[in-house]
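Below is a short note for a colleague opening this model for the first time. Please read the points in order, with the structure in view.

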Amino acid sequence: MRTFTALSVFLACQLALAIEMPPYDLVNSAETYEERVYPARKWATTSHLSISHHEATSNIMFGKLFNYIDGHNDAGIKIDMTAPVTTLVIPGEGPNCENNFTMSFYVPAAHQDNPPTPTNPDLYIEERPELHVFSRRFHGFASDEDWIVNAAQLHDDLVAAGEEGVDYQTYYTVGYDSPFVIIGRNNEVWFMKNDMN
Ligand SMILES: *[C@@H]1O[C@H](CO)[C@@H](O)[C@H](O)[C@H]1NC(C)=O
């Protein structure tokens, strides 16, 4: 009974929050993945070299980005949290073969035209161009291994489906929930499609 009450409160809170997300066009919905196009938008961004996805993303970069929206910016204002949090992974790019992780928070629509400048020099406002992606969704707390297993599965599914022009050298890990959410967590891995212009 008590568990049920706690769960009801929890779900109600989740629904009430209605976190803002970047717009996208759904190009195709396949059995195990979606193809989407995200229009050009600004994101608050920081990078970190590390062997471990978990180490880089869970504290270091998330903390810096969270401080930015919590008022560590030249306007001294609080900015609403958005979802998802995206992390571009460039495997083995560091001098000692560390992975290069680049984590970003989507800048809410209200601040897109004129986002406050981060006071921390490790952060910058990224003018992200239109992004064409293939996305695979999975659930639960994602470990370093979960990200790799799901990226490999998405790769295999895209190859089997004959999708062309996909960049398999880098990928995005994408999280939709704060670290406090324990039920129904949503994660995605994205590969980028190179659009031939
Ligand atoms: C990591 O990748 C980001 C995004 O491509 C880039 O801006 C940054 O310079 C890279 N960092 C290093 C140390 O290579």
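Which element gives the largest share of the lining of the second largest pocket?

1. The answer is α3, with 5 residues. This is a predicted model, in which local features need pLDDT of at least 70 and side-chain atom pairs count only at pLDDT 80 or more, while totals for chains, interfaces and linings use all residues. Residues are numbered from 1 along each chain as its sequence is written, and side-chain values use heavy atoms, with hydrogens and water left out.

2. The second largest pocket holds about 200 Å³ of space. A pocket here is an open set of points on a 1 Å grid over the protein atoms alone, where a 1.4 Å probe fits, with protein on both sides within 12 Å along at least five of seven lines; lining residues have an atom within 4 Å of a point. The volume is the space filled by probe spheres set on the points. Of the 13 lining residues, Val 89, Asp 144, Trp 147, Ile 148 and Tyr 171 lie nearest the centre of the pocket. β5 and α3 (144–160) are the elements that give two or more residues to this lining. By class, the lining has 10 nonpolar, 2 polar and 1 charged residues. Nonpolar covers Ala, Val, Leu, Ile, Met, Phe, Trp, Tyr, Cys and Pro, charged covers Asp, Glu, Lys and Arg, and the others, Gly among them, are polar.

3. The sheet is open and has 9 strands in the order β1-β2-β7-β9-β8-β4-β5-β3-β6, with antiparallel pairing. Neighbouring strands are turned by 35° against each other on average, direction ignored. Helices (H or I, at least four residues) and strands (E, at least two) are DSSP runs, numbered from the N terminus, and two strands pair if DSSP finds at least two bridges between them.

4. Strand β7 (residues 131–139) has 7 of its 9 residues buried, where buried means under 20% relative accessible area, exposed over 50%, and partly exposed in between (1.4 Å probe, protein chains only). β7 pairs with strand β2 (residues 34–38) over 5 antiparallel bridges; Arg 36 has Val 133 as its bridge partner in β7. With β9, β7 forms 7 antiparallel bridges, and Ser 135 stands opposite Trp 190 in β9.

5. Strand β8 (residues 166–175) and strand β9 (residues 186–193) are antiparallel and paired over 6 bridges. Asp 167 is partnered by Met 192 in β9, and Tyr 172 stands opposite Trp 190. β8 is mostly covered, with 7 of its 10 residues buried. β4 runs antiparallel to β8 and is joined to β8 by 5 bridges; Thr 86 stands opposite Val 174 in β8.

6. Helix α2 (residues 53–69) lies across β3 (41–50), β4 (85–90), β5 (99–106), β6 and β8. The helix runs at about 140° to β3. Axes are lines fitted to C-alpha atoms, for helices over the stretch in contact, with angles from 0 to 180 degrees between N-to-C directions; contact means heavy atoms within 4.5 Å.

7. Two backbone details deserve a check. Most residues other than glycine have a negative phi, and most peptide bonds are trans. The bond from Ala 83 to Pro 84 is cis, with omega near -5°, and Pro 84 lies in the loop between α2 and β4. Cys 97, in the loop between β4 and β5, has a positive phi near 65°. Cys 97 is exposed, with a relative accessible area of 56%.
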